[in-house]
Amino acid sequence: NIDVSPLIDSDGGLIDRSIYTDREIYAQEMRRIFARSWLFLAHETQFKKPGDFFTTFMGEDPVIVSMDKEKKIRVYLNSCRHRGVRLCRADAGATKMFTCTYHGWSFDLAGALQSVPNETAYPDTFKKENWSLIEVPRVETYKGLIFGNWDKNADSLEDNLGDMKYYMDAMLDRDPEGTEVVGGVMKWELEGNWKLAAEQFATDWYHVNMSHASALMVLSPTGKGPKADIAATPGRQHGSENGHGAGFPTHPKSRFDAKMVHDYYDYDFLRERLGDDAVEGPMTTGHATVFPNFSYLPVNGSIRVWHPKGPDKIEVWAWILVDKSMPQDVKDAQRLYNLRTFGPSGIFEADDGENWSEIQAISGGFVTNSVPLNFQMGIGSEREDGTYPGQTSELYSDAAGRAFYRHWAKVMNTPAWHETN
Ligand code: FES
């Protein structure tokens, strides 16, 4: 294992670029970050009846998320116990059994091996009960979001989220009925390390005025771009000790950019339900990451996972989230607004992916990779502001990025459950 302390100076705001390119660091991330963190898997509304399933990844480990006969969500490693073939190849569906396409071993919804062709040829010592699917030991939900963790002794999901729950509630708890996902899961690939995306969604409002300037001009009724005096924009940024981050402008009046969605909301009701500060803060045009690789945009209704596919590649999986009580035409408006802005060809999404790919594409050079990157904006400004929970900084700050990498380094340098048990 590599001691990553020399690579991360989170107090001084300097990051060594090799954390985006080094294959050994990436392998250590699989062992020490993705094998022991709470990872987003799916939304509860993707499962309605026993047998409904969805296949995804925890790090690079493929998993099946499925509803068993008791309507409990269970998660299994998507690899046959016989010779290791991917057991379920479908993206999603419904089934009574998962049957392997190689030699035909079949597993039920409880993960138990039920049928083995030519079973009599096996020795007496072969017991089917010893060859159940490998199950993810911890599966917990927060307001519709299902997370899994390979560490059976991990802190609970809610304890891990901590103050971050307040910021998430501004998206997940607007509607007493909760949220649901609409449409399918959008998937696309990017060149770039997974942390480039996760860190930006945790901390980076700074890029908006430059990277998205042309898109903002297109959207503006006046055709004008963003103001030059960006530092005066009021807002806050939260960075958590568990590496989570959220940033948002604070508006005197909250608003949704899709007019039909904005018109739908009863803001007096929301102020009573969530509080004025939440409605004027994290419910607005914000961004957030739940460490390590789940991010969301409350106004756009985008929730997404940055699946790592090697040190230099990401597969983005994005869902569209709406409030359950919304009339169908409002849900449609939210879905279309999401697609136009942060869908795979959305006007903002394309800008972001371009930047991350450009960082990654040149990071292989020896000299390039020897120069530290700067995360010093707002250094020392973190404090308890008396309004928003936890440590917060200014909207234009790298505070949550420093918190993200402080936690990343701590987890990378701490032996995980599989090393200590
Ligand atoms: Fe699955 Fe042989 S690999 S049955």
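This is a predicted model: local features need pLDDT of at least 70, side-chain atom pairs count only at pLDDT 80 or more; totals for chains, interfaces and linings use all residues.
The domain assignment of the chain gives two parts, domain 1, which covers 5-36 + 162-420, and domain 2, which covers 39-141. The centres of domain 1 and domain 2, taken over C-alpha atoms, are separated by 32 Å. In the contact between them, 10 residues are taken from domain 1 and 9 residues from domain 2. On the side of domain 1 that touches domain 2, at least two residues each are supplied by helix 1 (23-34), strand 13 (179-191) and strand 18 (302-308), and the largest share of that side, 3 residues, comes from strand 18.

In soluble globular proteins, nonpolar side chains tend to be buried together.

When its neighbours within four places in sequence are left aside, A197 is in contact with G192, W306, I314 and W356.

Helix 4 lies across a series of strands, namely strand 14 (235-239), strand 15, strand 16, strand 17 (294-297), strand 18 and strand 19 (313-323), and it runs at about 125° to strand 16. These strands belong to an open sheet of 8 strands, which has the order 13-19-18-17-16-15-14-21 and antiparallel pairing. Strand 13 and strand 21 (392-394) stand at the edges of this sheet with a single partner strand each, so one side of each is left without a neighbour in the sheet. On average, and with direction ignored, neighbouring strands of the sheet are turned by 20° against each other.

Within this sheet, strand 14 and strand 15 run antiparallel and are joined by 5 bridges, one of which pairs G239 with G245 in strand 15. The hairpin formed by strand 14 and strand 15 has 5 residues between the strands, and G243 takes a positive phi near 90° there. Strand 15 (residues 245-249) in turn pairs with strand 16 (residues 287-290) in the antiparallel sense over 3 bridges; along this pairing, G245 stands opposite T289 in strand 16, while the bridge partner of G247 is H287. Strand 15 is mostly covered, as 4 of its 5 residues are buried.

A further open sheet has 3 strands in the order 8-9-10, again with antiparallel pairing. Its edge strands, strand 8 (97-99) and strand 10 (113-115), each pair on one side only, and the twist from one strand to the next averages 35°. Strand 9 (residues 106-108) pairs with strand 10 in the antiparallel sense over 2 bridges, and in this pairing S106 stands opposite S115 in strand 10.

Methods:
Residues are numbered from 1 along each chain as its sequence is written. Two residues are in contact if their C-beta atoms, placed from the backbone, lie within 7 Å. Domain bounds come from an automatic or database domain assignment. Two strands pair if DSSP finds at least two bridges between them. Axes are lines fitted to C-alpha atoms, for helices over the stretch in contact, and angles run from 0 to 180 degrees between N-to-C directions. A residue is buried if 20 or more other C-beta atoms lie within 10 Å of its own, exposed if 12 or fewer, and partly exposed in between; C-beta atoms are placed from the backbone.
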